[in-house]
Amino acid sequence: MKKNKVGMLGASGRMGQEILLCLEGQTKFEAFLGWSNQKEETGYKHSVTKLEPDLVDKVDIWLDFSTPEALMSALPKIGRSKKPIISGTTGMSEIQMKKLNSLSTSAPVMWSSNMSLGIAVLMKTIENLNLISHFDFQIEETHHKLKKDRPSGTALSLQKKLQKVVKKNLPPAVSMRGGGVVGVHKIWAYGTEETLCFEHTALQRQVFARGAIWAAERLLKKQNGFYVFGDLLK
C-alpha cells in the first residue's frame, strides 16, 4: 500500500515531535518532510529549513503546528502544490486566517485551535445552551506555564461559539498558567438555583497528534473548501 507523504511545518516543536511518534508504524502515512526554522534534525525522512520545490511537490498532505509568521512564510510555497493542509496554529490575525482560507479554492484546508475529538464534540454540545441563554456563562482554561497565547486558541473558539449560541456578549475567558498542565477547558453556566459545567481535560499532548492524523485521513477524501475539525465528524 502506498503511504501518503506528510509534510510537517514546525517539525522540531512539541506537536511536530508528537506527530512524528504517532506516524511510526502507520500504514497510511509516512513522516516524509519536516520543516523547521531550527537547523537541526527533526526525525522526518527529510529535515529542511528551506522548502524546495523538488521535495514540496512530493508531499501528499501538510500538517502545520508552527507559528503565524512561519505559516505565512510557508504558504506561498506549499499552496502552489494544491495539496490538503491541516493547520493547528493559533494566534493568527484575521488577515492571516484569510490568507490560509484563500488556499481552500484549490485544495481542502482545515484549521482548528484544538485537534481532540472531545473538544469537537464539546463544540457541538454548546449548541444546546441556547435553551438556557438567560444563564450567566464563563469560559475557564488552564495550560502549562510555557504556553505563549493567553487565552488559548481553544478558549477563544469556545467563547466565539458560545456567544453566537446564547446571542450575547460574555466576559473574557479566565486563563491560568502553571506547571505542565496539557490543557483543561471549562464552560460554566450559572443559574440562580443551579450550576452546570462542561469540562474537557487533555491527559497528554499525544491526543492532539492522533487527532491531527485522524483528520488527515478524512481530509484527503474531501473536496476543495475550508473546514473545521467538527466538519470531519459527519
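Is Lys 147 buried, partly exposed or exposed? I started my notebook with that residue. The model is predicted, so I kept to its rules: local features need pLDDT of at least 70, side-chain atom pairs count only at pLDDT 80 or more, and totals for chains, interfaces and linings use all residues. Residues are numbered from 1 along each chain as its sequence is written, and side-chain values use heavy atoms, with hydrogens and water left out.

**Entry: Lys 147**

I find Lys 147 partly exposed, because its relative accessible area is 22%. My classes are buried under 20% relative accessible area, exposed over 50%, and partly exposed in between, with a 1.4 Å probe and protein chains only. Lys 147 sits in the loop between strand S7 (136-143) and H6. Helices (H or I, at least four residues) and strands (E, at least two) are DSSP runs, numbered from the N terminus. I checked the contacts of Lys 147, leaving out residues up to four places away in sequence, and got Ser 152 and Arg 177. Contact here means heavy atoms within 4.5 Å. I also looked up Ala 202, which is 55 residues from Lys 147 along the chain; their C-alpha atoms are separated by 15 Å.

I noted a cis peptide bond joining Arg 150 and Pro 151, with omega about 5 degrees. Most peptide bonds are trans.

**Entry: pockets**

I took a pocket as an open set of points on a 1 Å grid over the protein atoms alone, where a 1.4 Å probe fits, with protein on both sides within 12 Å along at least five of seven lines; lining residues have an atom within 4 Å of a point. Grid points are joined across faces, edges and corners, and a volume is the space filled by probe spheres set on the points.

The largest pocket has a volume of about 1100 Å³. I count 37 lining residues, and the closest to its centre are Met 15, Phe 65, Ser 66, Thr 90 and Lys 147. Helix H1 (14-23), helix H3 (68-79), helix H6 (153-166) and strand S9 (183-190) are the elements that give two or more residues to this lining.

H6 gives the most, with six. The lining of the second largest pocket divides into 11 nonpolar, 11 polar and nine charged residues.

**Entry: rings**

How many aromatic pairs are there? I get two. Rings of Phe, Tyr and Trp (its six-membered ring) pair if their centres lie within 6.5 Å; planes under 30 degrees apart count as stacked, over 60 as edge-to-face and the rest as tilted. Trp 188 and Tyr 190 are stacked, because their ring centres are 5.7 Å apart and their planes are at 5 degrees. Trp 188 is partly exposed at 22% relative accessibility, and Tyr 190 is partly exposed at 35%.

Trp 214 and Phe 229 are stacked too, 5.4 Å centre to centre, with 25 degrees between the planes. This pair links distant parts of the chain: Trp 214 is in helix H7 (residues 206-219), and Phe 229 is in the segment after strand S11 (225-227), 15 residues apart. Phe 229 is buried at 2% relative accessibility.

**Entry: Gln 206**

Gln 206 lies in helix H7. I class Gln 206 as buried, at 18% relative accessibility. Leaving aside neighbours within four places in sequence, Gln 206 touches Glu 18 and Cys 22. Gln 206 and Cys 22 are 184 residues apart along the chain, with C-alpha atoms separated by 7.7 Å.

**Entry: positive phi**

Most residues other than glycine have a negative phi. I logged Lys 82, with a positive phi of about 55 degrees. Lys 82 is in the loop between H3 and strand S5 (85-87) and is exposed at 55% relative accessibility. I also logged Lys 167, with phi near 60 degrees. Lys 167 is in the loop between H6 and strand S8 (174-177) and is exposed at 71%.

Technical notes: Nonpolar A, V, L, I, M, F, W, Y, C, P; charged D, E, K, R; others polar.
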